[in-house]
Amino acid sequence: MLVLSRRAGESVVIGEDVTISVLEVRGDVVRIGITAPRSVAVHRAELLVQLEQSNKDAASPSDDTVDSLLHALRDRP
């Protein structure tokens, strides 16, 4: 991991087409701006964790759902 110190108004360039700019610093909160092509996905890390958990939950049926399906299959003529 590269660790840099930047002040408001300063930027970091990643590759040829991604720029991260420090917009404002207030106490322990830093506002940043990210300029990147539309083909580059930019997400907040905590939202990716939530999305991953939601996908896992949706892909994993509950025990009640599995039991209901098993009963439905057994009761078929």
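Colleague: Which strand is Ser21 found in?

Modeller: Ser21 sits in strand β2, residues 18–26. Strands (E, at least two residues) and helices (H or I, at least four) are DSSP runs, numbered from the N terminus. This is a predicted model, where local features need pLDDT of at least 70 and side-chain atom pairs count only at pLDDT 80 or more, while totals for chains, interfaces and linings use all residues. Residues are numbered from 1 along each chain as its sequence is written, and side-chain values use heavy atoms, with hydrogens and water left out.

Colleague: What does Ser21 touch, leaving out residues up to four places away in sequence?

Modeller: Ser21 touches Glu10, Ser11, Arg31, Ile32 and Gly33. Contact means heavy atoms within 4.5 Å.

Colleague: Which side chain makes a polar contact with the side chain of Ser21?

Modeller: That of Ser11, at 2.9 Å. A polar contact is a pair of N or O atoms within 3.5 Å; within protein, one must be able to donate a hydrogen and the other to accept it, and residues adjacent in sequence count only if both atoms are side-chain atoms.

Colleague: And Arg6, where is that?

Modeller: Arg6 is in the segment before β1, which covers 11–14. Beyond its neighbours within four places in sequence, Arg6 is in contact with Ser11, Val12 and Val22. A polar atom of the Arg6 side chain lies 3.3 Å from the backbone oxygen of Ser11.

Colleague: How is Arg6 classed, buried or exposed or partly exposed?

Modeller: Arg6 is partly exposed, because its relative accessible area is 39%. Buried means under 20%, exposed over 50%, and partly exposed in between, with a 1.4 Å probe and protein chains only.

Colleague: Moving to β3. What does Val30 touch, again not counting residues up to four places away?

Modeller: Val30, in strand β3 (residues 29–35), touches Val22, Glu24 and Val25. Val30 counts as partly exposed, since its relative accessibility is 48%. Its C-alpha is 9.7 Å from that of Arg7, 23 residues apart along the chain.

Colleague: Zooming out, how many helices and strands are in the protein chain?

Modeller: Two helices and three strands. From the N terminus the order is β-β-β-α-α. The chain is more spread out than a compact globule, because its radius of gyration is 23 Å, well over the 11 Å that the globule rule gives for 77 residues. That radius is taken over C-alpha atoms, and the rule is 2.2 Å times the number of residues to the power 0.38.

Colleague: What does the C-alpha trace span?

Modeller: About 70 × 30 × 20 Å along the principal axes. Buried residues make up 5% of the 77. Among contacts between residues at least 6 apart in sequence, 0% join residues at least 24 apart.

Colleague: Where is Ser62 found?

Modeller: Ser62 is in the loop between α1 (45–59) and α2 (63–74). Its C-alpha is separated by 42 Å from that of Ile20, 42 residues apart along the chain. Ser62 counts as partly exposed, at 38% relative accessibility.

Colleague: Last topic, charges. How many positive and negative side chains?

Modeller: There are 9 positive and 12 negative, and the centres of the two sets lie 7 Å apart. Lys and Arg count as positive, Asp and Glu as negative; His and the chain ends are not counted. The place of a charge is NZ of Lys, CZ of Arg, CG of Asp or CD of Glu.
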